[in-house]
Amino acid sequence: MLEIGVQTHNVIMDENPDEGFKLLHDTGFTCCDFSLNFYLKNTDLYKFELNRFFDRSTEELKDFFRPHKEAAERNGIRFHQMHMPYPNFVPGAPKELNDYLVREMAPKSMEICDYLGCKYIVVHGLKVKQYYGSEEAEWDATEKFLDTVFPIAKERGIVICVENIYTGVGRHILEGPCCDARKAAERIDRINEKYGAEVLGFCFDTGHANLVGIDFEKFINIIGKRLKVLHIHDNDGISDLHQIPFTFTKTRENRPSTDWDGFIRALKNVGFKGVMNFETAPVLSSFPEELRPEALRMIASIGRYFADKICASDDAQKLQIF
Amino acid sequence: MEILLNSTAYVELRRPGQAVGDMKKAGFRSAMLDMSVCSGIRDFLYTDKARKESQENGLLFIPDDPSRIAEKLAILLDTFKKNGIDLPVAHATRIGFPEDGREPDRDLYFRVLEEEVRFAAKLGCRAIVVSPFHLQGTDEEVFEYNRQKYLRLAEIANEVFEKGTENCGSHPMKILLENQYKPFEGHLVRGMLSDTAEIIEWLDRLNHDAKHTDAFGFCLNIGHCNVCGQDIYEFAYALKCRIDAVMLYDNDGHNDDTMVPFTSIVGGRSATNWHEVIKGLRSISFDGYLIMDIGSTAANFPIILMPELLSLVYRLAEYFKWQIQMADAMKKYDHVVLFGAGNMCRNYMKNYGEQYPPLFTCDNNSARWGEEFCGLTIESPERLKSLPENTGIFICNVYYREIEKQLRDMGITESVEYFNDEYLQTFYMDRLKGL
């Protein structure tokens, strides 16, 4: 049976992490996706604002996150994956800020990942195509950044996962870095070979893929075993809403407008053995506080549904159909 | 590059005179013949009903006798001819995805399709766009099904060519495949041939199997890419010279409406990333058929204002052509000078400075004369009166018309060109201020 995980943002509070981890445990999760990115928010970075969270030494950061680590252990929650703050390069920002992201934020994020016993860290590719001219040049810049953290990944046995993300014009969302499965697969293989270790993997984000009409099944089948972690969430195909799967429909028949069946078939086909991890923090702010545990239970139930389908043998599935 | 208009939406089959006249006045000399004016998807989904409706309207029902396409199109074709409008490209009837999942009569469709291809080839079309055929199955099964159909169509084009009718060119009419989306429960997602690796494989295999080496090519549908959120630069760049035609139109990124470029605005910005479109076509030196498809806009536009709309569309097509071929303007000259010493000049130097190095730039601000800017000396505009022979003056300033007038007043009317930096390959991350 695959484990079920969820993003910690909006659940785990620094003041009392025990409460949040207990809630995750009580609502059916065994894993978490630690939202380190919320300690250095993208919205601030794009305004060239730096909150200096990562000015702390590695030891101070460990002290800061010790309560989180202990609370998770006490409540039977495992740090399966985490999200590095992003962007890791801000076009047009002062050099000092971009240097800080490479020299302080990135290596310290890796240290925190290791300290929390977390195997996977998700990183966004740089969004610089407009300036550098092509996706290839953009990836080169991403790889240059990743090269600064790969040695730490290799040493600590961490797998950095690049995620399919988007860009946009106005409110129309368009594909961004890592939306080409073939290129991603080639790059992951090349880099892992170069480092002689599995330092790079892929994080498939269902919501982002849905926004740019990616065929889930085809994409995941190409990525194959390189797929290490998931960001499962749903949207209306227009905005990046990070909502509960199966909640969006677009026709009178009211069938889901996101291809969850294709998602299940592909994960089954590639033999995915990871965690059914949900990136659904906004659900917790959209539901009234009293209903949040129920919302989390529903998310965990969906995770178990996916896990059952993925793990069920073909014969068992046929029996279910007939 | 040849500019075409898909006139389907507003040219009446039986009385096309006014609309075709408007097209001609707007500047169009070529059009795409969209065979959907002869038969549409309903003919293959609800054949009996569609036949009855055709009969009631006194129209030929082509699926009953596909060989009568010429008869059905006679007035339209005659009108195009009289107005001097060529039809170098046709688009075969599409069956696409019916919304209710109903399966079209495929045998009937293919009988019509074969006749459409035969008819277009006899007419002298140099290419016909034929969308791939959707079906359930593995990738290889889908390809094999399509392979048989496409090869049959290429065979027909070749038969017409070998018979050597008067309209035949130097090679058989080319069959162009086209990228697709598919509806998934009301949401348009990537469909067949939306993956460039798949397109290349299909084209290579089809051309290998066809009698004629260059029997198949590609039509890049910008609107289809846009509803699938695709990166059009990367798409075009991956396919390179395999792209023979581009179907150019705007939409909101979610519905496949065919709108005039730059008119679909969402959240204060154009819903199509025109920067990537222009950059992509420029990067592959696109020189094929640029087909303007504005059916949705035209169908909703006041009929009285149609001539003005068509003039705008033609002007837009010329603008795209100019942007795509921007470097051609520089190639014409032995020397280049710039007018303007700001961000646009800086962007010129970043993108073209090495290949087409200017002699100098000039600026109206006398305080900057003699200053070095991006490796160029800023001179007085007066220097433009004594340029070496065959020197192009490129205006690098958004006040194009004011500067052009200034040059005219100085007696400089020749070799004045506009440079534009809105859709360049690369940009600086900052903008210079206070210049």
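Domain bounds here come from an automatic or database domain assignment. For chain B that assignment gives domain 1 (2-324) and domain 2 (328-418). The C-alpha centres of domain 1 of chain B and domain 2 of chain B are 41 Å apart.

A word on the source. This is a predicted model, where local features need pLDDT of at least 70, side-chain atom pairs count only at pLDDT 80 or more, and totals for chains, interfaces and linings use all residues. Residues are numbered from 1 along each chain as its sequence is written, while chains are lettered from A and ligands numbered from 1 in the order in which they are written.

Let's stay with chain B. Chain B has 15 helices and 18 strands. Both are DSSP runs numbered from the N terminus: helices are H or I with at least four residues, strands are E with at least two. How compact is chain B? Its radius of gyration is 25 Å, close to the 22 Å that the globule rule gives for 435 residues, so chain B is as compact as a globular protein of that length. The radius is taken over C-alpha atoms, and the rule is 2.2 Å times the number of residues to the power 0.38. Along the principal axes, the C-alpha atoms of chain B fill a box of roughly 80 × 45 × 45 Å.

Of the 435 residues of chain B, 42% count as buried. Buried means 20 or more other C-beta atoms within 10 Å of the residue's own; exposed means 12 or fewer; partly exposed is in between; C-beta atoms are placed from the backbone. Now contacts, meaning two residues whose C-beta atoms, placed from the backbone, lie within 7 Å. Take the contacts in chain B with a separation of 6 or more: residues 24 or more positions apart account for 72% of them.

Next, the cores. A nonpolar core is a set of buried Ala, Val, Leu, Ile, Met, Phe, Trp, Tyr and Cys residues joined through C-beta atoms within 7 Å. The largest one has 189 residues, and those with the most contacts inside it include Ile121(A), Ile160(A), Cys125(B) and Val246(B). Helix 5 (residues 106-123) of chain B gives the most to this core, with eight residues. Apart from it lies another core, of 21 residues, among them Ala341(B), Phe373(B), Ile378(B) and Leu384(B). Back to Val246(B): leaving out residues up to four places away in sequence, Val246(B) touches residues including Leu220(B), Phe286(B) and Ile291(B).

Over to chain A. Here an open sheet of eight strands runs in the order 9-8-5-4-3-2-1-10, with parallel pairing. Two strands pair if DSSP finds at least two bridges between them. Which strands stand at the edges? Strand 9 (227-231) and strand 10 (276-278) of chain A do, each with a single partner strand, so one side of each is left without a neighbour in the sheet. Inside the order, strand 1 (residues 4-7) and strand 2 (residues 31-34) of chain A pair in the parallel sense over three bridges. Gly5(A) has Cys31(A) as its bridge partner in strand 2 of chain A.

Most residues other than glycine have a negative phi, and most peptide bonds are trans. The bond from Tyr86(A) to Pro87(A) is cis, with omega near -5 degrees. Pro87(A) sits in the loop between strand 3 (78-83) and helix 4 (95-115) of chain A. His242(A), not a glycine, has a positive phi of about 55 degrees. His242(A) counts as buried, with 22 C-beta neighbours inside 10 Å.
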